[in-house]
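Dear colleague,

I am handing over the structure below, together with an account of what was found in it. Please read the account with the structure open beside it.

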Amino acid sequence: MEVVITPPKTLAILAQKAGKSVDELVKTVDTYPFALTHFLRQRVEEGTYSLPALRQFLPDAQELQDVAGFSPDPAGESGKHPIPAILQAYDNRLVILLSYQCLVYCRFCVRKALVGMPEYTITHEQIEQALAFVRTHPEIEDVVLSGGDPLAVPNRRLLPFLRQLLAISHVRAIRIDSRALSTMPKRIDDELLDVLKTDDRFWYHAHMNHPDDLHHPDVLAAARRLRMAGVPVLNQSVILAGVNDDPAVMARLMSECYYHKILPYNLYVLDRVKGGVHFEVAEERIVEICETLSHLPGPAQPVLIFVDGESRKHRAVYDPVTDLHAFLGARNAAHRPMENVSALR
Ligand code: SF4
């Protein structure tokens, strides 16, 4: 597998690109881990990956602020583990956490307090327990593979796991939730595809937040390989200040996904995770983005989502009769009061 690059050399390149001090970046990654793939670093160096796109992975001293309303576990996931490697908020589906390692560390991640931290690991035994759990719960028909990034797990461990999951006949869909497509497209390799194409239960959930994530021949080729293997590719995005909180940028992202047969699926409002405050977007701007997206062709329009403190998703389709202010107000009510946010943006 391609090596993931960690500090210090990459941090120096990013600091220069962002006009920040290396010290700021180093201080931040002492608390929250950092990684960038060779693929993305190369794109940064050759100038095909812009600063707004890079901000998804760029350490920022604001991560170290402790702001009221931003918590280490905003989606209440810690109370949703029947066993360590499973996250379950619904009766008929669940998430298997395959690893707490990622190919890149998104600075706004809802699991920011867990991913890449040396004290959190998922063991082989815990994965075996997760498989046993699914096997003995026939009501589970839909399994999401997450983490961390499930494709940060090497094929020698991932592929036997996938084969065991495929052997469970009541599982009707397996969704691979991974950032590999846009951050390490070569990870969608022949060995993996050979397993994916043996069964039509696989889906791939991409996570792209900026048009630059998609605009590279290797990314488009990897998406095509998945489709040719019979795996539908859907995209999930998060509305992020400084990355895609511009209606024109977001419209371009959704259109380009659609025209390349990557279906825009979910558009998340930021989970108010501790360390992610600088990505918060004002309600007015979210409404403006949604209004712009409502003019795109139907399949290019994602559903707007926020996740409440019980890990449950609330969805809105934005059309002239949808009251998005009421929808977003319900998001505030579903979490603790936000004393400081109005002052942020
Ligand atoms: S790849 Fe996924 S789990 Fe890992 S940091 Fe990014 S959003 Fe979080």
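**A buried aspartate and what surrounds it**

With 21 C-beta neighbours inside 10 Å, Asp 60 counts as buried, because the cut-off for that class is 20 or more. Asp 60 sits in the loop between α4 and β3, and once residues up to four places away in sequence are set aside, Asp 60 touches Thr 28, Arg 107 and His 278. The C-alpha atoms of Asp 60 and Leu 151 are separated by 26 Å, the two residues being 91 apart along the chain.

**Confidence**

Please bear in mind that this is a predicted model. The chain averages a pLDDT of 93, and 95% of the residues score at least 70. Over residues 336–345, however, pLDDT stays under 50, and for this stretch the model has 17 contacts beyond four places in sequence. Where pLDDT is low, the predicted coordinates should not be read in detail.

**The sheet**

Nine strands form an open sheet with mixed pairing, in the order β3-β4-β5-β6-β7-β8-β9-β10-β11. Its edge strands are β3 (86–87) and β11, each of which pairs on one side only.

Within this sheet, strand β6 (residues 173–177) is mostly covered, since four of its five residues are buried. Strand β5 (residues 142–146) runs parallel to β6 and is joined to it by four bridges, with Val 144 standing opposite Arg 175 in β6. Together with helix α6 (residues 155–166), β5 and β6 make a right-handed β-α-β unit. β6 is also joined by four bridges to strand β7 (residues 202–207), again in parallel, and there the bridge partner of Ile 174 is Phe 202 in β7.

Further along the sheet, strand β8 (residues 233–238) and strand β9 (residues 263–268) run parallel and are joined by five bridges, with Ser 237 having Leu 267 in β9 as its bridge partner. β8, helix α11 (residues 247–259) and β9 make a right-handed β-α-β unit. From β9 the chain crosses through helix α12 (residues 283–293) to β10, and this β-α-β crossover is right-handed. The pairing of β9 with strand β10 (residues 303–307) is parallel and extends over three bridges; among the partners in β10 are Leu 304 for Leu 267 and Val 303 for Asn 266.

**The annotated lysine**

What does UniProt place at Lys 313? The record, an unreviewed entry, gives the feature "modified residue: N6-(pyridoxal phosphate)lysine" at that position. In the model, Lys 313 is found in strand β11 (residues 313–316), and Lys 313 is partly exposed, with 14 other C-beta atoms within 10 Å. Leaving aside neighbours within four places in sequence, Lys 313 is in contact with Ile 305 and Val 307.

Helix α3 (residues 38–46) has Phe 39, Leu 40, Arg 43 and Val 44 as its buried residues. Seen down the axis of α3, these buried residues fall within an arc of 135°, so they line one face of the helix. They pack against α1 (9–18), β2 (36–37), α4 (51–54) and α7 (180–183), whereas Glu 45 and Glu 46, on the other side of α3, are exposed. After α3 comes Gly 47, which has a positive phi, near 85°.

**Backbone points to check**

Most residues other than glycine have a negative phi, and most peptide bonds are trans.

- Gly 147 and Gly 148 are joined by a cis peptide bond, with omega about 15°; Gly 148 lies in the loop between β5 and α6.
- Lys 261, in the loop between α11 and β9, is a residue other than glycine with a positive phi, near 65°, and with 13 C-beta neighbours inside 10 Å it counts as partly exposed.
- Ser 311, in the loop between β10 and β11, has a positive phi of about 70° although it is not a glycine, and with 20 C-beta neighbours inside 10 Å it counts as buried.

With best regards

Definitions and conventions. Residues are numbered from 1 along each chain as its sequence is written. This is a predicted model: local features need pLDDT of at least 70, side-chain atom pairs count only at pLDDT 80 or more; totals for chains, interfaces and linings use all residues. A residue is buried if 20 or more other C-beta atoms lie within 10 Å of its own, exposed if 12 or fewer, and partly exposed in between; C-beta atoms are placed from the backbone. Helices (H or I, at least four residues) and strands (E, at least two) are DSSP runs, numbered from the N terminus. Two strands pair if DSSP finds at least two bridges between them. A crossover is right-handed if, with the strands pointing away from the viewer, the path from the first strand over the helix to the second runs clockwise. UniProt positions are given in the numbering used here, feature names are shortened, and annotations may be inferred rather than shown by experiment. Two residues are in contact if their C-beta atoms, placed from the backbone, lie within 7 Å. The arc is that of the directions from the helix axis to the C-beta atoms. pLDDT is the predictor's confidence in each residue, from 0 to 100.
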